[in-house]
Amino acid sequence: MLLPSLVTGLLALQRPLHIHSTLAMASSANEGAADASWRPDVPDDVSLAKSLSVWPLDRYNAALLNEVRHKAYSNPSPLEIYDLVVIGAGAGGLVSSRQAARRGAKSCMISGELAGGDCLNAGCVPSKALLRCAKLVREARKAATNEFGVSLRHKSSGAPLEANEVEVHVDFPKIMERMRRLRSKIAPVDGHDRGDSLGTQTFQGMGVFVSPSTIEVVEHGKSLGDESNPQLRFRKAVIATGGRPFVPDNVPGLKEAPYTTNLSLFNLQQLPKRMVVMGAGVVALEMAQCFAAFGSQVTVLQRSRLLSKGDDEAAAALKAALEKDGVRFLSGVSVEEVETLRPGSDEELPLMSVSLKCKEEESKMSKISLECECLLLALGRTANVQSMGLESANVEHHPSQGVLVNDYAQSVSNPNVYAVGDCVANVPRLTHMSGEMAKVVVQNALFDGEWKLSSFVVPAVMYTEPEYAVVSNVVALDENGAVVPAIREDAAELDVYKAELQHNDRAILDGSDEDGFVKIFCRKGTGTIVGCTIVSSRAGEIVNEVSLAIKHGIGLDGLGRNIHSYPTLGEAVMGCGLQFINASWKTF
């Protein structure tokens, strides 16, 4: 997905500077093809949509595909040479190709699968639509307790219903239909037509480097080397091919099982009675809490503790919140085998048995077998860098981590090739990171800029309830100038300022966040902020203030003296600042 704040704000409201005449010709050539829309009543369309992991092919998914994967599409005639060619049509590819065109460059984008990438089609957008419904389910159940003076009553007699008499009905097919409807509403901003209007060409097919300065577009249904495949010569190129879910190959029976990843989760039409989640990261915990609210029996399998690289206190608070919502956690787990008991069909969900070892005590391992209709793999991501000719372009890369880049997002081995997003080694795999990297690439590749990834201050949010948000510098450089993960600050060299939300008036009035908090980390003996951890409702909104402070060198005293609206959860940030200020108060 292209971030609504980024794309709608920066692209949708601005007019293109120019449109190449070639684009106008391409648009004209596709006018007839525009009539060939995706149709739910055409069997070939249904089969193709399924192969693209867009299912069911109802009117909303048809509308999505009409924007992000034209069924009948004639690739435009290539220009003699491009200033910028982008492989990939997710957040990074869309922003880089379109911003280049808006700034006068001859640019094009190669869309291999679905424009909008994972975030629109199988990530940020559909997951947040489901999370909104899950929140409403929890609120409805809370209303039944009469804690807030809102009670459910018999319509005829007016007699109150007791909590044990109330069942909140979850219409799962309706929830998924709502998600598909909203996703299709967002899709046009990422669609091919939008790109044309902004002055960038769109090619459908797989982009493959055939030399350090040429990319071949392998059109759908054709092979590499086919004479009819477009050949795109470039001055600069961007690799923005994203990533895919990691699937371990050392678990017997797993690869043959009908497991689910984020690529297929949002195609579900029936609510699984039992869900087993392998992994304990963002996708795992968001969807675990979500499906537990819908009524699934959810078990999360952890190899280690939650937030293995994060705050211990945050991990404990989040685990408690999810357990309260019915999520079961098994820690110290080693999955031994996955057996398919029933393959599943359009009418019936599959059935699997997961055999595992689980550490019950410090030294005791027990064997457990869990049956489930949905086995969700959420074990991280692998960069999409295979089968795209990187060797032909002299682009150094790691097979799973991705393209190796320097501080300017430039390939360490080919200065005319750049990379952004999930296909890049050692950077956070976040949509807003991809979009920001794309802006860096356009500036550096086309306008002799020196924007640096090491200057990035990047917030990250997990949209559980409560939310979990962190922010810090995330990129450093090795001795050769290549990007590596930033080294974590030594806790002994930090001062920690903490404001607990149990004392926050808004949290008290809302009846929420009793275990929430804001922690701000400063270099010892100073007000210089180096990081922040927040567990709270709307933590993702609150963290942006701290992100701005770190980016622009505003000290903790500055946050403490910044007037905050009352009553708000964000006052907790000010509370941390006041602790710093009060520590050096002059007193009588």
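Student: Where is Gln99 found?

Tutor: This is a predicted model, and in it Gln99 sits in helix H5, which covers residues 91-102.

Student: Is Gln99 buried or exposed?

Tutor: Gln99 is buried, as its relative accessible area is 11%. The cut-off for buried is under 20%.

Student: What does Gln99 touch?

Tutor: Leaving aside residues up to four places away in sequence, Gln99 touches Lys439 and Val442.

Student: Let me step back to the whole protein. How many helices and strands does the secondary structure have?

Tutor: There are 17 helices and 25 strands. The radius of gyration is 25 Å, close to the 25 Å that the globule rule gives for 588 residues, so the protein is as compact as a globular protein of that length.

Student: And what does the C-alpha trace span along its principal axes?

Tutor: The C-alpha trace spans about 70 × 70 × 55 Å.

Student: What percentage of the residues is buried?

Tutor: Buried residues make up 52% of the 588. As for contacts with a separation of 6 or more, 63% of them are between residues 24 or more positions apart.

Student: Now helices. How do the axes of H7 and H8 cross?

Tutor: Helix H7 is residues 124-143 and helix H8 is residues 172-186; their axes come within 9 Å and cross at roughly 135°. That angle makes H7 oblique to H8.

Student: Is the crossing of H7 and H8 left-handed or right-handed?

Tutor: H7 passes H8 in a right-handed crossing.

Student: Which residues meet there?

Tutor: From H7 they are Val125, Pro126, Ala129, Leu130, Arg132 and Cys133, and from H8 they are Ile175, Met176, Arg178, Met179, Arg183 and Ile186. By class, this contact of H7 with H8 has nine nonpolar residues, three charged ones and no polar ones.

Student: What about H4 and H8, at what angle do they pack?

Tutor: Helix H4, residues 59-68, packs with H8 at an angle of about 25°, and the axes are 8 Å apart. H4 is therefore roughly parallel to H8.

Student: Left-handed or right-handed, for H4 passing H8?

Tutor: That crossing is left-handed.

Student: Which residues of H4 and H8 meet?

Tutor: Tyr60, Asn61, Ala63 and Leu64 in H4 meet Glu177, Arg180, Arg181, Arg183 and Ser184 in H8. The residues of this contact of H4 with H8 divide into three nonpolar, two polar and four charged.

Student: Back to H7 for a moment. What does Lys142 touch?

Tutor: Lys142 is in helix H7. Not counting residues up to four places away in sequence, Lys142 touches Glu147, Phe148 and Gly511. Lys142 is partly exposed, with a relative accessible area of 28%.

Student: Where is Ser74?

Tutor: Ser74 is in the loop between H4 and strand S1, which is 82-87. Ser74 is partly exposed, at a relative accessible area of 36%.

Student: How far apart in space are Ser74 and Glu493?

Tutor: They are 59 Å apart, C-alpha to C-alpha, and 419 residues apart in sequence.

Student: What is phi for Ser387?

Tutor: Ser387 is not a glycine, yet its phi is positive, at about 55°. Ser387 lies in the loop between strand S15 (381-383) and strand S16 (397-398).

Student: Is Ser387 buried or exposed?

Tutor: Ser387 is exposed, with a relative accessible area of 72%.

Student: What about phi for Asp513?

Tutor: Asp513 has a positive phi of about 60° and is not a glycine. Asp513 lies in the loop between helix H14 (505-510) and strand S24 (517-523).

Student: And is Asp513 buried or exposed?

Tutor: Asp513 counts as buried, at 8% relative accessibility.

Key
Residues numbered from 1 in each chain as written. Predicted model: local features only at pLDDT ≥ 70, side-chain atom pairs only at ≥ 80, totals over all residues. Heavy atoms only, no water. Axes fitted to C-alpha atoms, helices over the stretch in contact; angles between N-to-C directions. Helix = DSSP H or I, 4+ residues; strand = E, 2+ residues; numbered from the N terminus. Parallel < 35°, antiparallel > 145°, perpendicular 65-115°, else oblique. Left-handed = near helix turned anticlockwise from the far one by under 90°. Contact = heavy atoms within 4.5 Å. Nonpolar A, V, L, I, M, F, W, Y, C, P; charged D, E, K, R; others polar. Rg over C-alpha atoms; globule rule 2.2 N^0.38 Å. Buried < 20%, exposed > 50% of the residue type's maximum accessible area, 1.4 Å probe, protein only.
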